[in-house]
Amino acid sequence: MAPHVLLVDDSTTVRMVIAAELREAGFRVTPVPTLDAARRAFAQYRERDPFHLAILDVLLPDGDGIDLLREIRRDPALERLPVMILSSDARFGSRLRGLGVGADDFVGKPHSKSFLVSRAHVLTGNPQTETAPRAFRVLLVDADAGLREALEKVLRVGHGCDVVSLESVDQAAQFLDLEGAGVDGAVVDRRCFLRVLGLLRSKQPNGVPMIVLDDSPSATWPPVAAAKRNTAVASALVMPRTIGPSTVAEVMMCRLVEEAPPSVSSSSKIPIATIDAVRRLARGA
């Protein structure tokens, strides 16, 4: 029997869209608008058709989705139920609270269909079809809100990624310190590259592809001199901040799916030469 999903969101539109996406992917969905309706659904289906996944919005008319998550984790019959939090990127604290209380994952709003469906398959142990695309989560750390918004839109709408958009290394540290907070790739400002690199290496020792956005006059694209400076450009690839968000997103996607152009290696390790080069950039050299 197909996995059964409880979807809790007060927006009729969001419930309709997500329910349709999940049903198209082979899930059975029970959508409800409030905490009270969610509690009644748990009681109604507990014995005859239990849920395999709960997707909870944070802000609900009669309470907080995080409170319902706490109730789930305290209930012996539900404590192992996978829970995904829906949260706006503007409510970064909600993600931290949800993961800290015991959520298994989160999805930003507006959401990426491919990422949400992919994670639902993973959390329910439901095998995906061979034609289902791999969905990625990209960490974006930059103080420029306009740049983050433009790049996030291209990655999410154009490429189906889930994007963790943060303005500082401190926020990245809070996020990466939590269980279940891994990412597949990162785009970071050169001023915070080394700190974010350290955070990612402590969390994901094998490394992830990274793009470093640099505003120095020496930054060029395409990197025609890359082979001369460094014959094995790996996870950290420097790109000028003036480059369009579409190009940055396309390069990141190439790296994530390991279909990079010849000048970009798909290796997951960062050579010392690359780190030294970015360290000089961070010092303004």
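In which sense do β1 and β3 pair, and over how many bridges? The two strands pair in the parallel sense, over four bridges. Here two strands count as paired if DSSP finds at least two bridges between them, and the elements themselves are DSSP runs, numbered from the N terminus, with helices being H or I of at least four residues and strands being E of at least two. The structure is a predicted model, in which local features need pLDDT of at least 70 and side-chain atom pairs count only at pLDDT 80 or more, whereas totals for chains, interfaces and linings use all residues. Residues are numbered from 1 along each chain as its sequence is written, and side-chain values use heavy atoms, with hydrogens and water left out.

Strands of a sheet pair through backbone hydrogen bonds, either parallel or antiparallel. In the present model, five strands form an open sheet with parallel pairing, in the order β2-β1-β3-β6-β7. From one strand to the next the twist averages 20°, where axes are lines fitted to C-alpha atoms, for helices over the stretch in contact, and angles run from 0 to 180 degrees between N-to-C directions.

Strand β1 (residues 4-8) is joined to β2 by five bridges, and these strands run parallel. Leu7 stands opposite Pro31 in β2 and opposite Ile55 in β3. Four bridges connect β3 to the parallel strand β6 (residues 83-88), where Val83 is the bridge partner of Ala54. Helix α2 (residues 35-45) lies across β1, β2 and β3 (53-57), and runs at about 160° to β1; contact is taken as heavy atoms within 4.5 Å.

A salt bridge is defined as a side-chain nitrogen of Lys or Arg within 4 Å of a carboxyl oxygen of Asp or Glu. By this rule, the count comes to 22 salt bridges. One of them joins the side chains of Lys113 and Glu24, at 3.1 Å from N to O. Lys113 belongs to helix α5 (residues 113-124) and Glu24 to helix α1 (residues 12-24), so the pair ties together parts that are 89 residues apart in sequence. Lys113 is partly exposed, at 37% relative accessibility, while Glu24 is exposed, at 62%.

A salt bridge also forms between Lys109 and Asp57, with the closest N and O atoms 3.4 Å apart. Lys109 lies in strand β7 and Asp57 in strand β3, so this pair ties together parts that are 52 residues apart in sequence. Lys109 is partly exposed, with a relative accessible area of 24%, whereas Asp57 is buried, at 5%.

Arg190 and Asp215 likewise meet through their side chains in a salt bridge of 3.1 Å, N to O. Arg190 is buried at 12% relative accessibility, and Asp215 is partly exposed at 37%. Salt bridges that share partners join Asp142, Asp144, Asp189, Arg190, Arg191, Asp214, Asp215 and Arg241 into one network.

How values were computed: Buried means under 20% relative accessible area, exposed over 50%, partly exposed in between (1.4 Å probe, protein chains only).
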